[in-house]
Amino acid sequence: MINTAEPQKDDDRKWKVLSSEYLYREPWFTVRHECVELPTGSRIPDYYVLEYPDWVCILAITKEQQFVFVRQYRHGSGHTSYELCAGVCEVEDVTPLASAQRELLEETGFGGGQWSEYMLISANPGTHSNITHCFLAVGVEPIVNSHLDSTEDLSVHLLSLDEVRNLLKTGAIEQALHAAPLWKYMAENKCM
């Protein structure tokens, strides 16, 4: 049972790092190996942390109430699926919001509208060091042609609320970091 009368400290169960070394370092993926000691005294000699830059994902809705999606192949799962526009917080981006607005414009050509930070989530706080900043952008419109990197191969789709609801209900949106803000939107707007 959680005692809500007593404030919880963020580090009250923090593990002690006994040793730490980097096994692999790349701009988009870094692996850290650590030996850690839990508050109970137990030790985990081989704990691995994956360091990534923070990510963004954008739940973008047009003035006509259509949801902006991309469809692309994901080599890890071997599937092509619908996803929200998403990407990495680049060093040159001043804020996660700037990253999100850049990603939406680059990948889809959509921009403008009213933006708000919608939720912060983690892919796996047990092993990942980063956060995903999810934004809700309403009233977006096409501004420019998309300009994809040479390593990006995706198509842009405008989906109705019914189509998005069906994708969620059938499990067709595989990316959990994208499904979470969509389910939140459906619940808050009583769309189920």
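Biologist: What is the handedness of the crossing of H2 and H3?

Modeller: This is a predicted model, in which local features need pLDDT of at least 70, side-chain atom pairs count only at pLDDT 80 or more, and totals for chains, interfaces and linings use all residues. Residues are numbered from 1 along each chain as its sequence is written, and side-chain values use heavy atoms, with hydrogens and water left out. Helices (DSSP runs of H or I, at least four residues) and strands (DSSP runs of E, at least two) are numbered from the N terminus. A crossing is left-handed if the near helix is turned anticlockwise from the far one by less than a right angle, and right-handed if clockwise; the crossing of H2 and H3 is left-handed.

Biologist: At what angle do H2 and H3 pack?

Modeller: Axes are lines fitted to C-alpha atoms, for helices over the stretch in contact, and angles run from 0 to 180 degrees between N-to-C directions. The axes of H2 and H3 lie 11 Å apart, at an angle of about 120°. That makes H2 oblique to H3, since angles under 35 degrees count as roughly parallel, over 145 as roughly antiparallel, 65 to 115 as roughly perpendicular and the rest as oblique. The packing angle is therefore about 120°.

Biologist: Which residues in H3 are met by Leu161, Val164, Arg165, Leu168 and Lys169 in H2?

Modeller: Contact means heavy atoms within 4.5 Å. The residues of H2 that take part are Leu161, Val164, Arg165, Leu168 and Lys169. In H3 they meet Ala179, Leu182, Trp183 and Met186.

Biologist: Which residues does Leu182 touch, not counting residues up to four places away in sequence?

Modeller: Leu182 is one of the residues that touch the most other members of the largest core. Not counting residues up to four places away in sequence, Leu182 touches Leu59, Phe69, Leu84, Val164, Leu168 and Ile173.

Biologist: What is the order of the three strands in the open sheet?

Modeller: Two strands pair if DSSP finds at least two bridges between them. Strand S1 (residues 16-26) pairs with S2 in the antiparallel sense over nine bridges, and seven bridges join S2 to strand S3 (residues 43-51), again antiparallel. The three strands form an open, antiparallel sheet in the order S1-S2-S3. S1 and S3 each have a single partner strand, so one side of each is left without a neighbour in the sheet, in the order S1-S2-S3.

Biologist: How many of the nine residues of strand S2 are buried?

Modeller: S2 covers residues 29-37, and a hairpin of two residues joins S1 to S2. S2 is largely enclosed by the rest of the structure, because the number of its nine residues that are buried is seven.

Biologist: What distance separates the C-alpha atoms of Asp54 and Asn130?

Modeller: Asp54 lies in the loop between S3 and S4, and at 28% relative accessibility it counts as partly exposed. Leaving aside neighbours within four places in sequence, Asp54 is in contact with Val88, Cys89, Asn130, Ile131 and His133. Asp54 and Asn130 are 76 residues apart along the chain, yet their C-alpha atoms are separated by 5.0 Å.

Biologist: Is Asp93 buried or exposed?

Modeller: Asp93 is found in the loop between strand S7 (85-88) and helix H1 (96-108). Beyond neighbours within four places in sequence, Asp93 is in contact with Val88, Ala98, Ser99 and Arg102. With a relative accessible area of 14%, Asp93 is buried.

Key:
Core = buried A, V, L, I, M, F, W, Y, C linked by side-chain atoms within 4.5 Å. Buried < 20%, exposed > 50% of the residue type's maximum accessible area, 1.4 Å probe, protein only.
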